[in-house]
Amino acid sequence: MSGRRGVFLVLLLIAIAVAVSFGSLMLLALAGGAPAPLPSNATLRLQIATPLSETPQDDVLSQLSPVPHPTLRSLTNAIRRAATDTRIKGLLFTPQAGSGLWGQLQEIREALVEFKASGKPLTAYLEYGGPQEYYLASAADRIVLMPAGQLDVTGLASYEIFLRGALDKLGVFPDLLHIGDYKTASNTFTEKGFTPAHREMTQSLNHDWYDHLVSTIAEARKLTPAQAAERLSGGPYLAEAARDAGLVDDLAYDDQLDDTAPIQGTRMLEGRDYLAAGPTLPGPNAGRIALLYATGTIASGRSAAGSGVIGSDTFVEWVRRVRIDPTVKAIVVRIDSPGGSAIASEVMWRELSLAREAKPVVVSMGDVAASGGYYIAAPADEIVAQPGTITGSIGIVTGKYVVDGTLDKLGIGIGTVTDGGMAEIYSPFRPFTPAERARIEDQMHATYDLFVSRVAEGRHRTTDEIDAIGQGRVWTGRQAKDLGLVDDLGGLDVAIAAAKRRAKMAPDQGVDLLVYPARRSLYEVLTNPLG
């Protein structure tokens with residue numbers, strides 16, 4: 001009886017999901033969301049809204065939707081595909097940067113620059129442009145700003161929030177420990193402002209991103225770096241002032257774009273319809289490369305769909321599969337992670353080290369590959385990052401939050417019964433004793449020394465050399481390359497090309513990507529929503 005009930009429940013869930021999804025898709029179609037036939041004389045129009053997910057959504061609606069939600073790779077693939085698609089005569093894009101970081105923006109801009117190199121016209125349309133929107137727009141041959149729009153190019157500022165004062169008022173004591181003056185993750189909770197090291201590191205990051213922005217704008221708008229910096233300092237601009245400063249080329253409303261060259265005479269093709277057409281399939285002689293996505297916080301156990309966590313058990317399972325698969329010629333690991341568990345990172349490091357003995361392993365870093373995110377990159381044959389990728393943070397932080405003061409304010413008493421000298425080491429009701437603190441620090445130093453040794457081994461450096469650039473310090477990808485923590489600058493395509501080269505594949509040979517996490521079936525999503 002229980003088996004029949006289980007089958008009935010699954011069938012019921014499928015029926016409900018199909019009904020809900022069908023209704024949603026009907027609304028989508030009525031709203032103009034269904035894919036349209038591709039015209040033969042088209043201007044492709046893209047809304048580039050960042051940040052984008054690295055991997056596809058994994059839910060019922062995404063399974064049934066004919067219009068896939070774009071990922072970073074599907075967007076950049078579409079831009080590159082359009083460059084050689086004879087039906088596409090030009091590209092019009094509107095950048096809408098949200099809280100995106102610089103690594104992802106640089107990857108998108110690289111694809112736009114490649115499109116422009118095809119000789120097809122590339123037009124950017126802005127209703128509003130902050131530094132990140134304008135950074136993307138600067139790739140275009142022609143930048144058009146709405147007449148009532150504004151260009152907020154004013155330089156770059158980085159902000160940090162410090163919660164220690166609020167915690168003090170709440171009666172919470174952050175008893176946190178760290179190794180490395182630059183390991184500042186705990187500073188948010190332990191400090192009321194910048195420490196000297198924290199300020200130095202933040203200034204260094206901000207200045208490097210700013211330098212990249214200035215040099216990019218200077219090259220794109222045919223200015224000297226000094227002139228580009230002067231333009232940035234002169235903002236924000238109203239539309240006419242932006243045009244007078246040479247930062248935009250024309251002023252127009254969206255509906256007027258169809259009547260101007262080079263868009264005039266072509267049909268507008270919405271990006272969602274082009275994405276729905278799907279990527280170009282690999283040729284029959286394509287070599288297989290595994291692409292493993294390590295995105296989110298690193299933790300022990302299994303990954304859960306939509307959790308923002310990469311589980312070490314799940315990742316190890318993927319690596320073992322592709323390591324023993326004779327059809328897989330190389331492995332590319334795409335990392336977008338701020339780190340997490342040191343134990344889980346070591347487990348993942350070990351499996352990638354074993355894989356490296358069997359076939360080439362190349363790492364591609366996205367927005368962030370720091371702390372544990374860099375730890376798991378260390379065994380790679382080659383590491384590729386964007387100039388603006390946040391990476392490094394070779395350091396350790398741990399501790400606990402002591403809430404006895406909060407409970408006292410609320411009139412809540414605490415009673416404790418213990419056996420064993422260290423039973424209360426992680427108690428949230430009192431700070432570490434000197435003996436407990438010494439024990440924790442010993443463990444932290446051992447973990448830090450192991451971290452440094454793993455990086456030194458992978459980067460063919462001494463532990464002293466890695467310790468000097470470690471100490472918890474975060475670097476940009478460009479800085480990390482200068483320091484030897486990164487080998488090449490570029491995006492995922494650069495990493496795949498490196499994997500092809502190391503696998504001794506022909507430069508013009510196609511690539512068949514075996515992607516993990518694999519797309520699940522509708523049945524799998526319904527029966528196990530968390531993956």
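With which residue does R334 form a salt bridge? In this predicted model, the partner of R334 is E54, and the closest N and O atoms of the two residues are 3.0 Å apart. R334 belongs to strand β12 (residues 328-337), whereas E54 is found in the loop between β1 (42-50) and α2 (60-64), so the pair ties together parts of the chain that are 280 residues apart in sequence. Both R334 and E54 are buried.

R73 is buried, with a relative accessible area of 17%, while D493 is partly exposed, with a relative accessible area of 25%.

The side chains of D175 and R437 likewise meet in a salt bridge, for which the N to O distance is 2.9 Å. Here a strand and a helix are involved: D175 lies in strand β5 (residues 173-179) and R437 in helix α16 (residues 434-459), so that parts 262 residues apart in sequence are tied together by the pair. D175 counts as buried at 2% relative accessibility, whereas R437, with a relative accessible area of 26%, is partly exposed. Finally, with regard to shared partners, salt bridges join R73, R80, E114 and D493 into one network.

Conventions:
Residues numbered from 1 in each chain as written. Predicted model: local features only at pLDDT ≥ 70, side-chain atom pairs only at ≥ 80, totals over all residues. Heavy atoms only, no water. Salt bridge = Lys/Arg side-chain N within 4 Å of Asp/Glu carboxyl O. Helix = DSSP H or I, 4+ residues; strand = E, 2+ residues; numbered from the N terminus. Buried < 20%, exposed > 50% of the residue type's maximum accessible area, 1.4 Å probe, protein only.
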